[in-house]
Amino acid sequence: MIALSMQSDTARDLALVEVPMPEPGTDEVRIEVAAAGICGSDVSAALAKPNFDWVRRPRILGHELSGVVDAAGAAVRGLEPGSRVTAVSVQGCGGCPYCRAGHTQLCGERTILGMSSDGAMASYCVVKAEHVVPLDEGLSHLQGALVEPLAVSARCMYNCCEVRAGDRVVVSGCGIIGLLCALVARARGAEVAITGIDADREVRLQMARALGFTTIVVSDHTPLVAQLDAPADILVEASGAPGALAAAPAAVARCGLIGVVATYPSEVAISATDLVRCEQRLHTSFGSTKADYRTAMAHLAAGDIPVDQLVETFPLTEALAALDASIEKRTPKAVIVP
């Protein structure tokens, strides 16, 4: 079968390769991939950024997927061939205190599909049955490919930021996680603006405006705080730019909250004293759990997420072009459709 593989630790050393079809183990299922999204994490790994130097290459990318169970191991129950599914990408051991409490994404032994093991940018992939989630009835495979990033965004909006109706929310960063955070916040009744940089004007910020959001272009000369009529109640940092997180407290109200859903390629200098003197809260959010997947599917079923507007599809044979478009920010969300 064909797969998109990172070949080495060198930035952008990727190739479409022919690999054997994977065989499921006793507790695994093989999924025929119907759609696989390209994530900002895939981009960072492909660019060999320092925060992804732990990924061992060669590695088939892909942790946002939907598909159909093709084969199941002997111990698998309830996931028959033909079942329409997605999969939890950040996978816990199942037995530690974090997993038992439902925080599987915080497991000390966690693995990540497409990073720790081969992923879904291929015709088929293998996943442990305990990490497979049936797609809700009525959801398309294209919607299914957005369940994982939407679950990450929903966890941030619900658990981390606790967004409520009437909140003034600024989302820093207009990549797909930023856009999905904004859509979930709006669905919860918040007033939402989205920021980007000059390079985002033509595609990502244009998409944000088409979705009905106020957009703000930030730079060293025009910082966010100078462009707000009033401080935000909540600022969601989804860009992964160290400078954006460092500047966040200045744009947030006293007793306000800074929610961080991005990871960063370098250390971030932030004034703890300013946070204390303004009683601002800094709360991080990482990954998602099966519960967040159910929340994400509920938002999709409710029509809160205009998938067709957000997504650009590419055949698997054009996966390298899809990744290039993602790296160069020429598409809001590339999804590979084998």
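**Questions on burial, packing and cysteines**

Student: Is Gly 173 buried or exposed?
Tutor: Gly 173 has 8% relative accessibility. Buried means under 20% relative accessible area, exposed over 50%, and partly exposed in between (1.4 Å probe, protein chains only). So Gly 173 counts as buried.

Student: What kind of model is this?
Tutor: Residues are numbered from 1 along each chain as its sequence is written, and side-chain values use heavy atoms, with hydrogens and water left out. Local features need pLDDT of at least 70, side-chain atom pairs count only at pLDDT 80 or more, and totals for chains, interfaces and linings use all residues; this is a predicted model.

Student: Which residues is Gly 173 in contact with, leaving aside its neighbours within four places in sequence?
Tutor: Gly 173 is in the loop between strand S11 (168–172) and helix H5 (176–187). Helices (H or I, at least four residues) and strands (E, at least two) are DSSP runs, numbered from the N terminus. Contact means heavy atoms within 4.5 Å. Beyond the neighbours within four places, the partners of Gly 173 are Gly 178, Ile 194, Thr 195 and Ser 239.

Student: Where is Ser 89, and at what relative accessibility does Ser 89 count as buried?
Tutor: Ser 89 lies in the loop between strand S6 (84–87) and strand S7 (90–91). Leaving aside neighbours within four places, Ser 89 is in contact with His 63, Thr 111, Ile 112, Leu 113, Glu 148 and Tyr 293. Ser 89 is buried, at a relative accessibility of 1%.

Student: How many Å apart in space are Ile 258 and Leu 275, C-alpha to C-alpha?
Tutor: Ile 258 belongs to strand S15 (residues 252–260) and is buried at 0% relative accessibility. Leaving aside neighbours within four places in sequence, Ile 258 has contacts that include Leu 235, Arg 281, His 283 and Leu 275. Ile 258 and Leu 275 are 17 residues apart in sequence. Their C-alpha separation is 9.9 Å.

Student: Which strands stand at the edges, each with a single partner strand?
Tutor: Three strands form an open sheet in the order S2-S1-S4, with antiparallel pairing; two strands pair if DSSP finds at least two bridges between them. One side of each edge strand is left without a neighbour in the sheet, because each has a single partner; these are S2 (14–18) and S4 (59–60).

Student: Which helix packs on the sheet, touching S1 and S2?
Tutor: S1 (residues 2–6) pairs with S2 over five bridges. Met 6 stands opposite Leu 14 in S2. The direction of the helix makes about 160° with that of S2. The helix, residues 319–327, is H11.

Student: At what angle do H4 and H9 pack?
Tutor: Axes are lines fitted to C-alpha atoms, for helices over the stretch in contact, and angles run from 0 to 180 degrees between N-to-C directions. The axes of H4 (residues 147–160) and H9 (residues 290–301) are 8 Å apart. Their packing angle is about 105°.

Student: What does that make H4 relative to H9?
Tutor: Angles under 35 degrees count as roughly parallel, over 145 as roughly antiparallel, 65 to 115 as roughly perpendicular and the rest as oblique. Hence H4 and H9 are roughly perpendicular.

Student: How many disulfides does the structure hold?
Tutor: A disulfide is a pair of cysteine sulfur atoms within 2.5 Å. The sulfur of Cys 161 is 4.0 Å from that of Cys 156, its closest, so too far for a bond. For Cys 278 the closest cysteine sulfur, in Cys 255, is 8.8 Å away, also too far. The number of disulfides is zero.
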